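Work through the exercises below with the model open. Try each task before reading its solution.

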Amino acid sequence: MPFARLATATTPTCHIGLGLAAVGRPGYINLGRDEDLGADRSVEALRTRTHELLDAAYAQGVRYFDVARSYGRSEEFLAGWLKERPGLDDIVVGSKWGYTYTAGWSTDAETHEVKDHTLATYERQRAESDALLGDRLDLYQIHSVTPDSPALTDKELHAKLAEAAAQGLTVGFSTSGPAQAEAIRAALAVTVDGEPLFRTVQSTYNALETSAAPALAEAHDAGLTVIVKEGMANGRLAGPHAPAVVQEIAERTGLGCDAVALALVLRQPWAGVVLSGAATTAQLASNLHAAVVDLDDDQLTRLATLAEDPRAYWERRGQLPWH
């Protein structure tokens, strides 16, 4: 398991990873994006920004980096950064297949990504990922599995994934939507030749969306590494958008709302890696303070009152505009 590399890390930030969903393409659904990125969202501008973020993250102890085929040029940006730093052998790189980026580097495209979990898409996107990342790719995940995903029942696909795992690639999956727990449990039941297929799971969990927690605990107990995404709910738990409870706790700790939100996730015993989706180096530095936030019982009780019905949460997320 490549995540064994993280187990030897001693920095407070070793359980925080950097995801490039917000900087690998000009448009995304995070709140506050206009302020974060400004007007220049050319390929070169975002490549430079991504490399600065990667440098800052590595310097501050981050060792897991997360991209996807559908995150615009995120794999390309990360691959270029790695090529310039061939001596970095203590990091873990994860990518995802199953969505195709279709926005053509536009922020106002009618469709930004198209989902397809078929074997043909896996084989096409695996070749694309390999062409960019080669042997630096440690983890390949099915992107946003839901209970009705054909990836859960396609035996031919399972055989191909098991073949990749036998050759040293770690195979995982991510989840999205109000039925994350159901999707996680279904994926845990997938086996090839009597052996579990998946070794990692990446799911949304934050103060507003906690429904996957029991299933993630089960995945952890089954030996999977749990990666948590959207710990700040696409900006709903950051800065001026954060609920009053989060803002009050942040003021008391002297740190940002984002650090409080991520600290809540980090304290979950099943959370192996918690992703920062920072778009600026200042945001990243603030996110990384989560590692030193110590939430007391009263604060945890107050934060627990923020949890929403998962259907309402995902409906609101689906209404966030692509900026």
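**Exercise 1: Overall build**

Task: state what share of the chain is buried, then describe its fold content and dimensions.

Solution. Buried residues account for 55% of the 323 residues in the chain. Buried here means under 20% relative accessible area, exposed means over 50%, and partly exposed lies in between (1.4 Å probe, protein chains only). This is a predicted model: local features need pLDDT of at least 70, side-chain atom pairs count only at pLDDT 80 or more, and totals for chains, interfaces and linings use all residues. Residues are numbered from 1 along each chain as its sequence is written, and side-chain values use heavy atoms, with hydrogens and water left out.

Next, count the elements. The chain has 13 helices and twelve strands. Helices (H or I, at least four residues) and strands (E, at least two) are DSSP runs, numbered from the N terminus.

Then check the dimensions. The C-alpha atoms fill a box of roughly 55 × 45 × 40 Å along the principal axes.

Now look at the contacts (heavy atoms within 4.5 Å). Of those with a separation of 6 or more, 79% join residues 24 or more positions apart.

**Exercise 2: Surface and charge**

**Exercise 3: Positive phi**

Task: inspect Trp105 and Ala233. Is Ala233 buried or exposed?

Solution. Start with Trp105. Its phi is positive, about 60°, although it is not a glycine. Trp105 sits in the loop between strand 4 (99-101) and strand 5 (113-115). It counts as partly exposed because its relative accessibility is 21%.

Move to Ala233. This residue is not a glycine either, and its phi is about 55°. Its loop runs between strand 11 (225-229) and helix 9 (244-253). Ala233 counts as buried because its relative accessibility is 1%.

**Exercise 4: A helical tyrosine and a covered helix**

Task: find which residues Tyr313 contacts, then list what helix 10 packs against.

Solution. Locate Tyr313 in helix 13 (residues 310-318). Tyr313 is buried, with a relative accessible area of 1%. Set aside its neighbours within four places in sequence. Tyr313 then contacts Thr204, Asn206, Leu208, Glu209, Glu230, Ala233, Arg236 and Glu308. For a distance check, take Leu275: it is 38 residues from Tyr313 in sequence and 19 Å away in space, C-alpha to C-alpha.

Now take helix 10 (residues 257-266). Nine of its ten residues are buried. Among them are Cys257, Asp258, Leu262 and Val265. The buried residues of helix 10 pack against strand 11, helix 9, strand 12 (273-276), helix 11 (281-288) and helix 12 (297-304).

**Exercise 5: Salt bridges**

Task: how many salt bridges does the structure hold? Trace three of them.

Solution. Side chains of opposite charge can pair when their charged atoms come close. A salt bridge is a side-chain nitrogen of Lys or Arg within 4 Å of a carboxyl oxygen of Asp or Glu. The structure holds 20.

- Glu76 and Arg47 meet at 3.0 Å, N to O. This pair links distant parts of the chain, with Glu76 in helix 4 (residues 74-83) and Arg47 in helix 3 (residues 43-59), 29 residues apart. Glu76 is partly exposed at 25% relative accessibility.
- Glu84 pairs with Arg85, the closest N and O atoms being 3.2 Å apart. Glu84 is exposed at 55%, while Arg85 is partly exposed at 23%.
- Arg302 pairs with Glu248, the closest N and O atoms being 2.3 Å apart. Arg302 is in helix 12 and Glu248 in helix 9, 54 residues apart. Arg302 is partly exposed at 28%, and Glu248 is partly exposed at 40%.

Finish with the network. Salt bridges that share partners join Glu44, Arg47, Arg73 and Glu76.
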